[in-house]
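Please work through each task before reading its solution.

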Amino acid sequence: MLFNIFMLIAGLGVLVWSADKFVYGAAAFARNLGLPPMLIGLTIVAMGSSAPEMFVAATASLEGMTDTAIGNVLGSNIANITLILGITALLGAISVRSQTLMREIPLMLAATAIAGYFLHDGLLTRMEGVMLMGLFFILMGYLIWHGLTNKQADTLEAEADEEIPTGVPTRKAVLWLVVGMILLPLSADWMVQGAVGIAKAYHLSDLVIGLTIIAIGTSLPELAACVAGVLKKEHDLAIGNIVGSNLFNILAVLALPGLIAPGEVDPAASTRDFYMVMATSSALGVLILLSGRARALKPWHGGVLLLTFISYQLVLFLA
């Protein structure tokens, strides 16, 4: 058991560190190539924040643990909104002014609904994995096109520009990019192996271990990014990290178990857990899109979100 705990903690630590270095190197390299800050933020930085989920899902799927991979996606999206935004909102109201986010939030809800439709029959097929990945590339194409053609000033662009490293030599950027690409799959494997050992010792299902320990662990980069964003008064960037991560998770990451290990899905994933993802995503949409001119998450919203997360975790462990 101690070895499994060590593997889990070591894997998580290296996973979070290597994901950060991967994003640092990729973003610096992209800036050196002259790509617009908004484009870098919407693609490379958003993808980098989902890198832990992507590598964990791929590793779990290759080892035949489809439910762990799916649980990681659903659990991460739930944790991003209830735990991460809950803690962040408690630090102070988070206001949203970016028109880009006003487009991304409905896209997140639509993508979540499509994923739920694919899961509702208790199967995730290879064709559904292909369709999810296809939708992901279409979304990426749309975001890139809109980022390059839209000349209207957006608060998210200014905040993203401040977060992208400057003055980094291309050789150094490529070095960190390669280091991240090497360590991400290794650390993901350590984390999965440790989590599986703990799950077996406590008789937890593959799904629950993905929804809890692994999901919370892979969401830590979002927590760090959101807290840092709010402390710097970059509110749109904080919300953008969550919305972008959830979009990538539900399309690109959920596609991986379908592509690698298609088959039956734990019934609880397509009912209880998906309904929770849809409910929390919709709640975020309501709070942001329907809050009038305020468009803000207030501290009491954060308290409700955090209580929701705690209640959901209790349900999982007591079920």
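**Exercise 1.** Determine whether Phe118 is buried or exposed.

*Solution.* The relative accessible area of Phe118 is 6%. Buried means under 20%, exposed over 50% and partly exposed in between, with a 1.4 Å probe and protein chains only. Phe118 is therefore buried, whereas Tyr117, at 57%, counts as exposed. The model is predicted: local features need pLDDT of at least 70, side-chain atom pairs count only at pLDDT 80 or more, and totals for chains, interfaces and linings use all residues. Residues are numbered from 1 along each chain as its sequence is written, and side-chain values use heavy atoms, leaving out hydrogens and water.

**Exercise 2.** Classify the aromatic pair that Tyr117 and Phe118 form.

*Solution.* Rings of Phe, Tyr and Trp (its six-membered ring) pair if their centres lie within 6.5 Å; planes under 30 degrees apart are stacked, over 60 edge-to-face and the rest tilted. The count comes to 5 aromatic pairs. For Tyr117 and Phe118, the centres are 6.2 Å apart and the planes make 50°, a tilted pair. Elsewhere, Phe136, Phe137 and Phe248 form one aromatic cluster.

**Exercise 3.** Describe how helix α1 and helix α8 are oriented.

*Solution.* Helices are DSSP runs (H or I, at least four residues), numbered from the N terminus. The axes, lines fitted to C-alpha atoms over the stretch in contact, with angles from 0 to 180 degrees between N-to-C directions, come within 6 Å for α1 (residues 2-32) and α8 (residues 170-201) and cross at roughly 155°. The two helices are therefore roughly antiparallel (over 145 degrees; under 35 is roughly parallel, 65 to 115 roughly perpendicular, the rest oblique).
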